[in-house]
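Student: Could you take me through one part of this protein closely? I would like to look at a pocket and what lines it.

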Amino acid sequence: MGCRDVHAATVLAFLSGTASVAGLLAAVLLPNWRQMRLYTFNKNERNVTVYTGLWIKCARFDGSRDCVIYDPQWYTAVDQLDLRVLQFALPLSMFTAVSALFLCLIGMCNTAFVSSVPNIKMAKCLVNSAGCHLVAGLLFLLACVICLTPSVWVIFYNNYLNRKYEPVFSFDISVFIAIASAGGLFFTSILLFLWYCACKSLPSPFWQPLYSHAPSMHSYASQPYSARSRLSAIEIDIPVVTHAS
């Protein structure tokens, strides 16, 4: 398994990362992070469910799909700490994952379309495909941590709200989408790490660029003098004095 070949593992990692970013985008936009059920004992009225998202809030009657109250300015007045943290954490996680996808795409394109023997004139602009995948794996892992930590915190903060007020709060589908997306990011990073370890030989260091310099430059390197050659030069330089008998 060579590091200069496009394998199914790298393609699968790219597709998994893309699906995870799409899941994060859906979790960010959906107004389904927390539900608050408001019950009424009046038979002439219906119960109300308040759907809380990161940016908007919507209140609906039971059995209705239309919002009775729609607040598009909710993001400016969020009074729940976990949702406020998610407003910053999820976009940052998406930006990190998109950067990792870009690096992964650069590595695959360089592997597929660039010659295996680089041009000596472009020696300073060479792209290390294996290094791109390795850094992409690290960025995917970082995006997973940034996304997973506040998403799990929503579950515990929901229990805190139920103890502090009344048991009317419950977390919604966006929590599961965000946690599943974080799992996809983690799977992508592990896949890239396994690919990098498999394509490198065991004695090699953890970070090993494909080319320290262009291979064609090896033929122009001067060979060092041997110890015998240096000794011979010294012997030649020493004058020999002979005495006549």
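**The second largest pocket**

Tutor: The second largest pocket has a volume of about 200 Å³. This is a predicted model, where local features need pLDDT of at least 70 and side-chain atom pairs count only at pLDDT 80 or more, while totals for chains, interfaces and linings use all residues. Residues are numbered from 1 along each chain as its sequence is written, and side-chain values use heavy atoms, leaving out hydrogens and water.

Now the terms. On a 1 Å grid over the protein atoms alone, a pocket is an open set of points where a 1.4 Å probe fits, with protein on both sides within 12 Å along at least five of seven lines. Lining residues have an atom within 4 Å of a point. Points are joined across faces, edges and corners, and the volume is the space filled by probe spheres set on them.

Next, the lining. Arg-34, Met-36, Thr-52, Lys-57, Asp-79 and Gln-80 are among its residues. Tyr-157, Tyr-160, Leu-161, Lys-164, Tyr-165 and Phe-169 line the pocket too.

Sort them by type. The lining has 6 nonpolar, 2 polar and 4 charged residues. Here Ala, Val, Leu, Ile, Met, Phe, Trp, Tyr, Cys and Pro count as nonpolar, Asp, Glu, Lys and Arg as charged, and the others, Gly among them, as polar.

Now place them. β1 (34–38) and α3 are the elements that each give two or more residues to this lining. The largest share, 4 residues, comes from α3. Helices (H or I, at least four residues) and strands (E, at least two) are DSSP runs, numbered from the N terminus. The protein has 5 helices and 5 strands.
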